[in-house]
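Hi,

Here is the structure I promised to pass on. Have a look at it first, and then read my notes below.

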Protein chains: 2
Amino acid sequence: MAQAPKPRLLTGDRPTGPLHLGHLVGSLDNRVALQDDHECFIIVADLHTLTTRPRKHEFGEVPSFVREVVLDQLAVGLDPAKVTFYLQSGVPAVYDLAILLQMLVPKTRLEQVKSLRSMARAAAMPDDAMTMGLLAYPVLQAADILMARATVVPVGLDNEEHIMIARECASVFNELYGDLFPLPEAKISQFPALPGVGTGPVGSGAKMSKSLGNAVNLGDPPTRVRDKIATFTYDDGDRRLGDQAPLLAFARAFLGDEPTAALRVELDGGAITLAAAHARVTEAVEARLAPIRERRAALAGEAGLVEEILVDGTIRAREVANVTLQRTREAMGLESLWGGLVAATEARAKARRKPY
Amino acid sequence: MAQAPKPRLLTGDRPTGPLHLGHLVGSLDNRVALQDDHECFIIVADLHTLTTRPRKHEFGEVPSFVREVVLDQLAVGLDPAKVTFYLQSGVPAVYDLAILLQMLVPKTRLEQVKSLRSMARAAAMPDDAMTMGLLAYPVLQAADILMARATVVPVGLDNEEHIMIARECASVFNELYGDLFPLPEAKISQFPALPGVGTGPVGSGAKMSKSLGNAVNLGDPPTRVRDKIATFTYDDGDRRLGDQAPLLAFARAFLGDEPTAALRVELDGGAITLAAAHARVTEAVEARLAPIRERRAALAGEAGLVEEILVDGTIRAREVANVTLQRTREAMGLESLWGGLVAATEARAKARRKPY
């Protein structure tokens, strides 16, 4: 009996910085868990960085982040034999597909997407300077997803609307040109975002983010991890923070719910010092990070390994994307237009070679 | 002494119908005049038809119009040895370039473009249904122009703002990434648009247009040309139209200014019947159309000739576009990102083959 093909999964990251603990608990653990039962495509979305950081010195940072992002994922246990890692800008068919899909999406639909406004704000881009590239971000993302014909798309909650747009693209396309694209579904991470580290009483007051400089990176050495966790306090000057304390969010993620409840009781009752609480949480984080750090160093030491994985994956993604683009062009009639021109040209060349 | 390269020129049409007398006097005559002193690229802009006519049955009409549009241009005297005719959708690098240029254009800039709103209205597309593809039309057009590094862009007045956007794309790109693109300049047709034919007193009341069904096509047989010109009256019921008469616009275009002034005097004085005036204008139009019609029939009779010209031109356009895209990617840093990954991969493969 033939085995049913595994469902296709696509997810990934913009290479705007190294991956961190928030990624680990929010998405990387999930990717590792899904890699056996899915055919996984993991995009390194460098074109998407151009939507908010197009300047040359900004893009100049991308190559090293591309390497870091893949290295981080290999270090946490994603297996290149099961996962196709690929560089977005290295798959030409995706640009074609994005341009074609833009013909199907109303501009007003994209203007409703809240995450684009927050991205513009985060990039200090005034409302009237929002670029077409940023407005069209979800359509380019739809092209990424649909080129792989992915049905499972693990994302954070802030990206859910993008997947709805990919779904709408697929469904409008199928309606206009016949069934081609399976409808992708967002798989929203159930894990609450980790708070960022920082010097304020509630950490940085923001979720941990590659671009805010408030992250504990997977590649951080133990002393830096310890120092970053030590920035958390347990009161805001007047009163204890209790369950709102960023330190306890870390504890929940790395110690578990019951040990965290116990830690809270100890902190509230003065049975443990803040420094000892930091140490307990740091120890739990280190229990996760130490083996990752070790694998990371080993992989980083193999010259060209990360690059080879990414180049091989990009070539594989190109093959998949070319097949999808071909089918897209066939469905729309672009392929028969070109094919008709070529056939008439070939027939003419053949006739020319014929003796009288 | 080396000859200075000819300036590059790019112009063209959307294949939404056969070309007509308005094209002949408004742009084709001009193209023929410019072909000796310019390196000409003439686009058959089939992707642009998708911005307002994406449905399958709409695109189903495109292949025959693609053929007609090239045939018409060959028939008026454009020489495929001097002109590269190419199919827009057949040049993959243009999609890439369009996506990259979208990163540089503010959305609000495109919202100011009046022609897009008229295109949406003409396509009976309500304001809130305007697609991203239509909003991004000028950016795709910029990619067409910049891929050819064209500096001379003959267009109608309604397209002038699109060329300004192409110019802005080039100039922002050069500023961000270093000088790459020459700035294109619109060359606005000085010839007033011909009025459309029709049954009303002032013709169809609109300019002659491929999509309004009010055109005298270059391929129309003589009887149809005669019957269409015979739709023009010289009064609107109450009073004579004088210089406003569409018939006199035709006379100016095909008889010249002085004979037209004389014709007006004769019409105003009753020295000529309307039927005789129709005949005089028809004769002048026929003096232009007859040789075009003859060449058109001869060219159409050569099976595969038009297709061969378009396929060869598209292959040539691909080469030019690939060079431009390569340089664009180099300027932005995309090429060195990919090149770095490939180099590291190759070095790894080489090291692997080495004996100990």
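Before anything else, a word on how elements are named: helices (H or I, at least four residues) and strands (E, at least two) are DSSP runs, numbered from the N terminus. Residues are numbered from 1 along each chain as its sequence is written, while chains are lettered from A and ligands numbered from 1 in the order in which they are written. Please keep in mind that this is a predicted model, where local features need pLDDT of at least 70, side-chain atom pairs count only at pLDDT 80 or more, and totals for chains, interfaces and linings use all residues.

Let's start with chain A as a whole. Chain A has 16 helices and five strands, and its C-alpha atoms fill a box of roughly 105 × 45 × 45 Å along the principal axes. Of its 356 residues, 47% count as buried. Buried here means that 20 or more other C-beta atoms lie within 10 Å of the residue's own; 12 or fewer makes a residue exposed, anything in between is partly exposed, and the C-beta atoms are placed from the backbone. Contacts use those atoms too: two residues are in contact if their C-beta atoms, placed from the backbone, lie within 7 Å. Among the contacts in chain A with a separation of 6 or more, 77% are between residues 24 or more positions apart.

Now the domains, whose bounds come from an automatic or database domain assignment. In chain A, domain 1 covers 8-191 + 305-340 and domain 2 covers 222-300. The centres of the two domains of chain A, taken over C-alpha atoms, are 34 Å apart. Where they touch, domain 1 of chain A contributes eight residues and domain 2 of chain A seven. On the domain 1 side, α1 (21-34), α4 (62-75) and α15 (305-332) of chain A are the elements giving two or more residues, and α4(A) has the largest share with three. That side of domain 1 has eight nonpolar residues, no polar ones and no charged ones. For those classes, Ala, Val, Leu, Ile, Met, Phe, Trp, Tyr, Cys and Pro count as nonpolar, Asp, Glu, Lys and Arg as charged, and the others, Gly among them, as polar.

Next, the two chains together. 58 residues of chain A are in contact with 58 residues of chain B. Helix α16 (residues 334-353) of chain A gives the most to the chain A side, with 10 residues, and that side divides into 37 nonpolar, 12 polar and nine charged residues.

How are the two copies related? A rotation of 180 degrees with 0.0 Å of shift along its axis superposes chain A on chain B, with an RMSD of 0.0 Å; that is the relation of a two-fold axis. The superposition is by least squares on the C-alpha atoms of residues with pLDDT of at least 70 in both copies. A:Tyr95 comes closest to the rotation axis of the residues of chain A, at 2.9 Å (C-alpha). The same surface serves both copies, as 100% of the contact residues of chain A recur in chain B.

On to some strands in chain B. Strands count as paired if DSSP finds at least two bridges between them. Strand β2 (residues 39-44) of chain B runs parallel to β3(B) and is joined to it by five bridges, with B:Cys40 facing B:Val83 as its bridge partner. Five of the five residues of β3 (residues 83-87) of chain B are buried, so this strand is largely enclosed by the rest of the structure. B:Val83, B:Phe85 and B:Leu87 point one way from β3(B), and B:Thr84 and B:Tyr86 the other.

Strands β4 (residues 152-155) and β5 (residues 185-188) of chain B also pair in the parallel sense, over four bridges, and B:Val153 stands opposite B:Ala186.

Finally, two loop residues. Most residues other than glycine have a negative phi. A:Arg149, in the loop between α9 (137-147) and β4 (152-155) of chain A, has a positive phi of about 50 degrees and is buried, with 20 other C-beta atoms within 10 Å. B:Ala124 lies in the loop between α7 (114-122) and α8 (132-135) of chain B; its phi is positive too, at about 55 degrees, but B:Ala124 counts as exposed, with 8 C-beta neighbours inside 10 Å.

Cheers
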